[in-house]
Amino acid sequence: EEKVMATSSPLLILAKKQSSGRGRQGRVWESPEGGFYGTYAFTTNSASTSFGGFSLAVGLSLVRSLGIDVDLLKLKWPNDLVSHDGRKLGGILIDVKHKSNSTIALIGIGINLLKISTKNIDAISVEELSGKLLTPIRTAMMLSDGVFETFNIFLEKEFSFFKAGWLKCSYGYNRRFVVESGGDCVDGLFRDIGNDGSLVLETREGPRVLASGHIKRIYAADD
């Protein structure tokens, strides 16, 4: 944190591999050499900025910067990049630390670049999805301008500015979700995203707005 606070410029820290990669809610992220594992660090003098939906805005930036057809690459709430058939290509982890007169935002990004072991049928790589062979350095060059721009726009306009674009790239829109949130399992149709990045499900009891959660199941379109 001290190193981030000591500079006015954004930072990017790249790792060749991670021995204990971390996802949301403490989940393990497999991080073999050859993938993109980067942490962007930003500071802002505003200590009151709300970062609700920031991971979604960053995800939209990544989809656009990777240049993979939106019919192939999708965004899964709240922070995953997935293929059109739901296999995970990457993830985003946001850590925001508020100080007395400033805020530090850390954006951790992991992306599978090279072909995945056939043992992991739930994952996919950029190479498998699009045929592109990317190195971590090349990926950083492709992503960084978009991430920097997203951060600056988000400070001014928050997630509402990115909402329409995110929905166009979303995975499972209008399909039935089962989401674990706050100790409950909520079953409903994915109908919208709130201006703070919350998931809006249409349930039998009416709309449910989920600020956080883990998607346990997404039903097929004809279920």
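Strand β9 (residues 176–181) and strand β10 (residues 184–193) run antiparallel and are joined by six bridges. Strands here are DSSP runs of E with at least two residues, helices are runs of H or I with at least four, and both are numbered from the N terminus. Two strands count as paired if DSSP finds at least two bridges between them. Within this pair, valine 178 has aspartate 187 of β10 as its bridge partner.

This is a predicted model, in which local features need pLDDT of at least 70, side-chain atom pairs count only at pLDDT 80 or more, and totals for chains, interfaces and linings use all residues. Residues are numbered from 1 along each chain as its sequence is written, and side-chain values use heavy atoms, with hydrogens and water left out.

Now widen the view from β9 and β10. They belong to an open sheet of five strands, ordered β12-β11-β10-β9-β13, with antiparallel pairing. Its edges are β12 and β13 (214–218), each pairing on one side only. From one strand to the next, the twist averages 45°. Such angles run from 0 to 180 degrees between N-to-C directions, with axes as lines fitted to C-alpha atoms, for helices over the stretch in contact.

Arginine 208 lies in strand β12 (residues 206–210). The scale calls a residue buried under 20% relative accessible area, exposed over 50% and partly exposed in between (1.4 Å probe, protein chains only). Leaving out residues up to four places away in sequence, arginine 208 touches Val186, Leu199, Val200, Leu201 and Thr203. Contact means heavy atoms within 4.5 Å. Leucine 189 is 19 residues from arginine 208 in sequence, and their C-alpha atoms are 9.9 Å apart.

Cysteine 169 is buried, at 8% relative accessible area. Cysteine 185 is exposed, at 52%. The disulfide count is zero, where a disulfide is a pair of cysteine sulfur atoms within 2.5 Å.

Turn to the other sheet. Six strands form it, open and antiparallel, in the order β1-β4-β8-β7-β6-β5. The edge strands β1 and β5 (73–76) each pair on one side only. Neighbouring strands are turned by 20° against each other on average, direction ignored. Inside this sheet, β6 (residues 80–83) and β7 (residues 88–98) pair over three bridges, antiparallel. Leucine 81 stands opposite glycine 90 in β7.

Two helices come next. α2 lies across β5, β6, β7 and β8, at about 140° to β7. α4 packs on the sheet too, touching β1, β4 and β8, and its direction makes about 30° with that of β4.

α2 is mostly covered, with 11 of its 13 residues buried. Among them are Phe54, Leu60 and Leu66. The expected span is 1.5 Å times one less than the number of residues. Glycine 67 follows α2 with a positive phi, near 70°.

α4 covers residues 136–157; its 22 residues should span 32 Å, and the 30 Å between its end C-alpha atoms agrees. At leucine 143, α4 bends by about 35°. That bend is the angle between axes fitted to the seven residues ending there and the seven starting there. Buried residues of α4 include Leu143, Val147, Phe151 and Phe154. The buried residues of α4 pack against β1 (11–15), β4 (36–44), α2 (54–66) and β8 (103–111). Just after α4, glutamate 158 takes a positive phi of about 60°.
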